[in-house]
Amino acid sequence: MTKKWSALFLGLLMCSSMIVFGQTTEEVLSKHQAAMGSPEKWSAVKSLVMKNKFSVQGMDIESKTSVLVGQGFRTEVEVMGNKIITAINGDSGWMIRPAMMGGTGEPETMPNEQVKMASSQKNIGSSLIIAQKEGSNIELVSKENLDGAGVYLLKVTKKDGEESQVYVSASTYFIVKTMGKIKANGQEMDSEVNFSNYKLVDGLYFPFTIETASPMGGMMTVDTLSVEVNPRIDASIFEKPAK
């Protein structure tokens, strides 16, 4: 049971030019950016608070994520009366996990591989927008059909060599799916995430429904309850508390 809950914890960290069919990488990225909202509007976002809800093994779980762009993020989840906290503060991270998830209930330093996996959450926007900001190489590979609809497949290669595949709708230019690999507990695992139900918030579009494989088996659907743009956030919430 502890291993399953530990897998769920890792899953929460996860809860990114050639001419092809008349389009270039730059054109697809430009249209994707335009679909998501203007660069000026995204640049004006300095903080964000998002509340989500998802179900695991019949339990409805709510989470709250607070972000100071480029500085830190913190996610709080309550499961069966136990609070799980994960936070990134600059280049370091910490977490609080209950015993049923392999923790002690006390603040502990986050392993480097998890810090690396979660650090991009200090930024906001789609995985493609973040990849561009981080200087990743993005290449348009092909145009395909996904679930009966046309999509552009782009390959994203980070500076450290980590690769992922991003599927962009050929009609809306929203991201509909990402695939890649993540490392956790020394093991490499496949990651697949589906995005839908995009909604407009303060001139910016966010996917309000995300589906990914559940560590407990089957698929897990995460529904966004609310998105607050530029709220006041105290930076001290990202600091690791004393035991």
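A: Here is a friendly tour of the aromatic pairs, the strands around them and the cores.

Please keep in mind as you look that this is a predicted model. Aromatic rings count as a pair here if their centres lie within 6.5 Å. By this rule there are four aromatic pairs. One of them brings together tyrosine 152 and tyrosine 173, with 6.1 Å from centre to centre and 20° between the planes. Planes under 30 degrees apart count as stacked, and this pair is stacked. The two partners come from distant parts of the chain, 21 residues apart. Tyrosine 152 sits in strand β8, residues 149–157, while tyrosine 173 belongs to the loop between β9 (163–169) and β10 (175–184).

Are these two tyrosines buried or exposed? Buried means under 20% relative accessible area. Tyrosine 152 has a value of 4%, so it is buried. Tyrosine 173, at 10%, counts as buried too.

Next, find phenylalanine 174 and tyrosine 198. Their ring centres are 4.1 Å apart and their planes meet at 10°, so this pair is stacked. Here again distant parts of the chain are linked: phenylalanine 174 is in the loop between β9 and β10, tyrosine 198 is in strand β11 (residues 187–201), and 24 residues separate them. Both phenylalanine 174 and tyrosine 198 are buried. Ring pairs also bring in Tyr205, giving a cluster of Phe174, Tyr198 and Tyr205.

Let's go back to tyrosine 173 and see what touches it from elsewhere in the chain. Lysine 31, in helix α2 (residues 25–36), is 142 residues away from tyrosine 173 in sequence, yet their C-alpha atoms are 6.3 Å apart in space. Setting aside residues up to four places away in sequence, lysine 31 touches Gln23 and Tyr173. Lysine 31 itself is partly exposed, with a relative accessible area of 38%.

Another lysine meets a ring face-on. Lysine 177 lies over the face of tyrosine 167, 5.8 Å from the ring centre.

β8 and β9 run antiparallel and are joined by seven bridges. Across this pairing, valine 151 stands opposite serine 169 in β9. The hairpin that β8 and β9 form has five residues between its strands, and glycine 161 there takes a positive phi near 95°. β9 is mostly covered, with five of its seven residues buried.

To finish, look at the nonpolar cores. In soluble globular proteins, nonpolar side chains tend to be buried together. The largest nonpolar core in this model has 38 residues, and Leu48, Leu128, Leu154, Val168, Phe206 and Val227 touch the most other members. Phenylalanine 54 is found in strand β1 (residues 47–56) and is buried, with a relative accessible area of 2%. Its C-alpha atom is 4.6 Å from that of valine 222, although phenylalanine 54 and valine 222 are 168 residues apart in sequence.

Notes
Residues numbered from 1 in each chain as written. Predicted model: local features only at pLDDT ≥ 70, side-chain atom pairs only at ≥ 80, totals over all residues. Heavy atoms only, no water. Phe/Tyr/Trp six-rings, centres within 6.5 Å; stacked < 30°, edge-to-face > 60°. Helix = DSSP H or I, 4+ residues; strand = E, 2+ residues; numbered from the N terminus. Buried < 20%, exposed > 50% of the residue type's maximum accessible area, 1.4 Å probe, protein only. Lys NZ or Arg CZ within 6 Å of the ring centre and 35° of its normal. Core = buried A, V, L, I, M, F, W, Y, C linked by side-chain atoms within 4.5 Å. Pairing = 2+ DSSP bridges. Contact = heavy atoms within 4.5 Å.
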